[in-house]
Amino acid sequence: MMSEEMMENMKKIIEIRNLTRIYGDGSEVRALDGVNLDIERGEFLAIIGPSGSGKSTLLNQIGILDTPTSGTILLDGVDITKASEKERSRLRNRKIGFIFQYHHLLPDFNAIENVMMPLLINGVKRSKARKMASQMLEEVGLDDRADHRPNQLSGGQNQRVAIARALANSPEIVIGDEPTGNLDSKASDAIYELLRRLNHEHNQTFILVTHDAQMAAKTDRIIRLVDGRIVEDSRR
Amino acid sequence: MFEMNIAIRHIRSRQRQTLFSVIAVALAVAIITISMSMLSGFTSYIVDATVENQPHVTVSPEEDEDHIYLYHGLLNYIQAQDGVIAVSPRYRGDCALQYRHNVEGVVLYGINPGDETKILNVEKDIIAGDFMSITGLGNRIIIGSKLAENLEVELGDAVTAKFPGSKPTDFTVTGIIRTGTQADETLAYANLGRVQDFYGKGDIITGIGVRVGDIYAADTLAEKIDCETGYDATSWMEGNREILDLIDQQTGFAYVFYIMIFAISGFGIANILIMVVMDKVGEIGMLMAMGTSRRSILIIFLFEACILGMMGVIIGSVLGYVSSIMLASYTIPVPPEMYFGLDHLPFLITPENFIIAGVFAMAINIIAGAYPARRASKMDPVEAIHDV
């Protein structure tokens with residue numbers, strides 16, 4: 001029988017302890033200042049705060065794109081701050097899906113090839129990757145645009161392809177850095193609904209950084225950062 | 001191999017730049033393969049001409065001696081050496097040839113035509129008569145073409161050989177030879193026995209010509225004969241040291257130029273890759289975010305350098321090959337005696353030259369690609385992603 005504490009730990013996908021990130025040598029900037037944060041599996045949360053408050057820095061830390069000055073991040077029980085460069089690449093590929101403000105699709109590849117890319121990096125066979133990618137495109141409602149290149153798709157469509165790509169490897173954590181920042185409100189809403197639906201269907205953890213108060217208000221949990229510290233952590 | 005896939009797409013998406021950098025590499029490879037074929041052709045022409053027109057090894061009398069006495073044993077000894085194809089005893093003497101009022105000084109070679117033709121391709125230079133005509137009995141002589149003109153003799157005329165202390169002897173002209181060199185003014189061949197009789201010193205010779213299978217082993221053989229018999233043996237290489245050194249030096253200079261030409265084409269490759277990397281910063285960041293390792297990023301751009309280089313090498317090799325064949329068939333309108341008897345560019349098209357040029361080009365292209373590729377792989381993903 002598992003104890004209650006163990007059950008509790010099982011539910012936690014991210015445990016951040018005393019995370020500090022200092023930039024610069026001379027005049028140092030504490031982008032993150034002793035952040036402690038636990039995130040459970042399947043949560044759909046928003047990180048908000050004024051610009052320069054450390055939102056993106058925190059996201060980059062969780063996404064293993066950056067290393068902290070001090071503190072630890074346990075991702076599914078593994079301390080990623082101590083992982084080797086190679087292991088970090090591998091973890092990024094398998095555990096994390098990124099959606100950025102700009103879609104960052106590879107311009108020389110069409111929609112389905114873009115969605116296949118994380119699978120191919122993961123070593124999945126081309127034929128299988130194509131099948132999986134096509135399924136993902138269907139989920140974001142773009143299966144009829146599979147052969148289109150990014151320059152042949154609208155902003156909203158490209159962002160959907162980017163979402164399909166972020167989810168292709170079935171990552172446990174999906175990170176969105178202003179995922180709707182470049183879109184009009186109608187497209188924004190559609191993207192939000194899509195993310196929400198995927199969150200329900202796949203029980204993946206979604207962490208969004210957003211400026212959009214309306215969107216943040218619709219998430220399950222809001223974490224407000226000011227000057228690199230968490231000043232508010234509220235659940236609905 | 002998603003790295004290869006990405007590399008190919010990058011190249012395909014910028015066809016014009018690709019075209020120009022490939023042309024740069026192709027031209028470099030073409031120019032260098034043409035130049036190499038010409039240099040090889042010239043070298044081999046010189047070597048052939050040298051080797052054809054003189055014995056691979058020449059054995060001369062011991063120091064302070066003018067003749068080789070009891071030479072039959074020495075002939076057998078040399079013939080028994082490894083790699084020796086043929087030996088030819090020779091008596092080289094000076095004399096005067098007279099025809100009516102014309103007198104010319106000549107270098108008279110007494111040879112056994114059967115042996116001599118095995119070591120030198122004399123017969124190809126015969127322009128009238130027959131070299132083997134001096135085989136049998138009877139005083140017959142073959143003379144150089146210029147000598148024949150100067151003496152105003154034709155086939156069938158009898159010339160008189162004179163030498164102080166020797167009995168003037170008549171020889172019938174049965175052949176005329178043209179080597180294309182100055183020797184044509186003084187050269188004369190006659191049967192060894194007749195020449196020995198003419199000089200009246202008995203069965204002696206002044207040298208032995210040797211032909212070997214591997215011309216580059218002539219050095220070793222000469223040294224061996226020299227050591228073991230005491231006779232003075234020299235190889236064709238030793239005898240032509242200066243021209244061979246000159247060829248080596250030329251080849252060395254040529255390679256310096258090759259490297260410079262390749263370096264220039266390498267800059268073209270580096271240039272396009274630096275542009276691709278600058279252009280793709282955001283993409284590189286995203287690839288890293290998707291879990292592409294730094295090593296894979298490096299590989300992507302090295303692949304691009306390889307693909308561009310490979311296309312250049314293939315196109316350049318074809319271009320170089322076709323051009324070499326076309327240039328080789330081009331006859332140069334110059335008097336043949338000006339360029340060692342050459343009337344066309346001497347091309348020797350060998351696979352080695354193409355392999356060397358190809359490997360060289362690829363190596364320099366990869367080196368050229370290394371800098372931008374390294375830069376791409378060292379990017380900070382966070383900074384790269386936000387660089388849009």
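A: In this predicted model, residues 20–47 of chain B are 100% helix and 0% strand, with the end C-alpha atoms 40 Å apart. The stretch 255–278 of chain B is likewise 100% helix and 0% strand, and there the end C-alpha atoms lie 34 Å from each other.

Leaving aside residues up to four places away in sequence, Val25(B) touches Ser265(B), Gly268(B) and Ile269(B), together with Leu308(B), Gly309(B), Gly312(B), Val313(B) and Gly316(B), and finally Ala361(B) and Asn365(B). Val25(B) is also, with Val115(A) and Ile207(A), one of the residues that touch the most other members of the largest nonpolar core, which holds 113 residues. Helix H2 of chain B, residues 15–53, gives this core its largest share, namely eleven residues.

Domain 1 of chain B comprises residues 2–51 and 243–385, while domain 2 covers residues 57–212. Taken over C-alpha atoms, the centres of domain 1 and domain 2 of chain B are 54 Å apart.

Turning to the partner chain, 21 residues of chain A are in contact with 17 residues of chain B. On the side of chain A that touches chain B, helix H3 (85–95) and helix H4 (111–121) each supply at least two residues, and H3(A) gives the most, with six. By class, that side of chain A is made up of ten nonpolar, five polar and six charged residues.

Elsewhere in chain A, four strands form an open sheet with antiparallel pairing in the order S2-S1-S4-S5. Its edges are strand S2 (29–40) and strand S5 (78–79) of chain A, each of which pairs on one side only. Strand S1 (residues 12–23) and strand S4 (residues 70–75) of chain A are joined in the antiparallel sense by five bridges, and Arg17(A) has Thr72(A) in S4(A) as its bridge partner.

Notes:
Residues are numbered from 1 along each chain as its sequence is written. Chains are lettered from A and ligands numbered from 1 in the order in which they are written. This is a predicted model: local features need pLDDT of at least 70, side-chain atom pairs count only at pLDDT 80 or more; totals for chains, interfaces and linings use all residues. A nonpolar core is a set of buried Ala, Val, Leu, Ile, Met, Phe, Trp, Tyr and Cys residues joined through C-beta atoms within 7 Å. A residue is buried if 20 or more other C-beta atoms lie within 10 Å of its own, exposed if 12 or fewer, and partly exposed in between; C-beta atoms are placed from the backbone. Two residues are in contact if their C-beta atoms, placed from the backbone, lie within 7 Å. Two strands pair if DSSP finds at least two bridges between them. Domain bounds come from an automatic or database domain assignment. Ala, Val, Leu, Ile, Met, Phe, Trp, Tyr, Cys and Pro count as nonpolar, Asp, Glu, Lys and Arg as charged, and the others, Gly among them, as polar.
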